[in-house]
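Me: I would like to learn how to read helix packing in a model. Please take me through an example.

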Amino acid sequence: MSPTEPPSFYDAVGGHETFEAIVRRFYEGVKDDDVLSPMYPEDDMDGAVWRLTAFLEQYWGGPTTYSEQRGHPRLRMRHQPFHVNPEARDRWMLHMRAAVVEAQLSPMHSATLMDYLERAAHSMINTFEPTPGG
C-alpha cells in the first residue's frame, strides 16, 4: 500500500484477527443450530473456519490464500449439495449478524460487511423446499 492509497477494507477492520474472530463466533452459533449444524461435519469445523475466514479475507483485500489453495470460490457451485432454503439463509444471517455485532466494527464497516453478507446469503438459496425433518 502506498502512502496515498487508502487501506483495504481488510486492513481497515483489523485484518486476520478480526475476520477469524467473526468466523469463529459465527460457528459457535452454527454448532447448536438444528437447521445449519447438519451441513457442517463436526470433524471438519476447523476446515470450515479456515475456508470461510480465508474466503472473506481474500474478498475484502487480504491474502489470496483461498484461491491459491482452493481455486476460484464458485460459491453457488460449492453450496449446491446443501439444502439452502430461505430458513437456512435466515439462520445463517442470524449467526453472522451476531458475530459482526460482537466484532464492534465501525458503523460504516459493519453496514458494508452486512450488506455483502446479506446479498451473498440470498444468492446461495437453491431450494424452496422445507428443511428436511423440520
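Me: How many helices and strands does the protein chain have?

Reply: Helices (H or I, at least four residues) and strands (E, at least two) are DSSP runs, numbered from the N terminus. Here the protein chain has 7 helices and 0 strands. Its pattern along the sequence is α-α-α-α-α-α-α. This is a predicted model: local features need pLDDT of at least 70, side-chain atom pairs count only at pLDDT 80 or more, and totals for chains, interfaces and linings use all residues. Residues are numbered from 1 along each chain as its sequence is written, and side-chain values use heavy atoms, with hydrogens and water left out.

Me: What percentage of the residues of the protein chain count as buried?

Reply: Buried means under 20% relative accessible area, exposed over 50%, partly exposed in between (1.4 Å probe, protein chains only). Of the 134 residues in the protein chain, 42% count as buried. Glu 68, found in helix H4 (residues 65-70), has 60% relative accessibility, so Glu 68 counts as exposed.

Me: What span does helix H6 reach from its first C-alpha to its last?

Reply: The expected span of a helix is 1.5 Å times one less than its number of residues. H6 (residues 86-103) has 18 residues and reaches 25 Å, close to the expected 26 Å.

Me: What happens at the ends of H6?

Reply: Asn 85 caps the N-terminal end: one of its side-chain oxygens lies 3.2 Å from the backbone nitrogen of Glu 87. Just after H6, Gln 104 takes a positive phi of about 55 degrees.

Me: Which residues of H6 are buried, and which helices do they pack against?

Reply: The buried set is Ala 88, Arg 89, Trp 92, Met 93, His 95, Met 96, Ala 99 and Val 100. These buried residues pack against helix H2 (15-30), helix H3 (45-59) and helix H7 (107-123).

Me: At what angle do H6 and H7 pack?

Reply: Two packed helices are described by the angle between their axes and the distance between the axes. Axes are lines fitted to C-alpha atoms, for helices over the stretch in contact, and angles run from 0 to 180 degrees between N-to-C directions. H6 and H7 pack at about 165 degrees, with axes 10 Å apart. Angles under 35 degrees count as roughly parallel, over 145 as roughly antiparallel, 65 to 115 as roughly perpendicular and the rest as oblique. H6 and H7 are therefore roughly antiparallel. The residues making the contact (heavy atoms within 4.5 Å) include Trp 92 and Met 96 of H6 and Leu 113 and Leu 117 of H7.

Me: What is the angle for H2 and H3?

Reply: H2 and H3 pack at about 135 degrees, with axes 9 Å apart. They are therefore oblique to each other. Among the residues making the contact are Phe 19 and Tyr 27 of H2 and Val 49 and Leu 52 of H3.

Me: Is Arg 89 buried or exposed, and which residues is Arg 89 in contact with beyond its neighbours within four places in sequence?

Reply: Arg 89 lies in H6. At 15% relative accessibility, Arg 89 counts as buried. Leaving aside neighbours within four places in sequence, Arg 89 is in contact with Ala 121, His 122 and Ile 125. Arg 89 and Met 124 are 35 residues apart in sequence, yet 7.7 Å apart in space, C-alpha to C-alpha.

Methods. A polar contact is a pair of N or O atoms within 3.5 Å; within protein, one must be able to donate a hydrogen and the other to accept it, and residues adjacent in sequence count only if both atoms are side-chain atoms.
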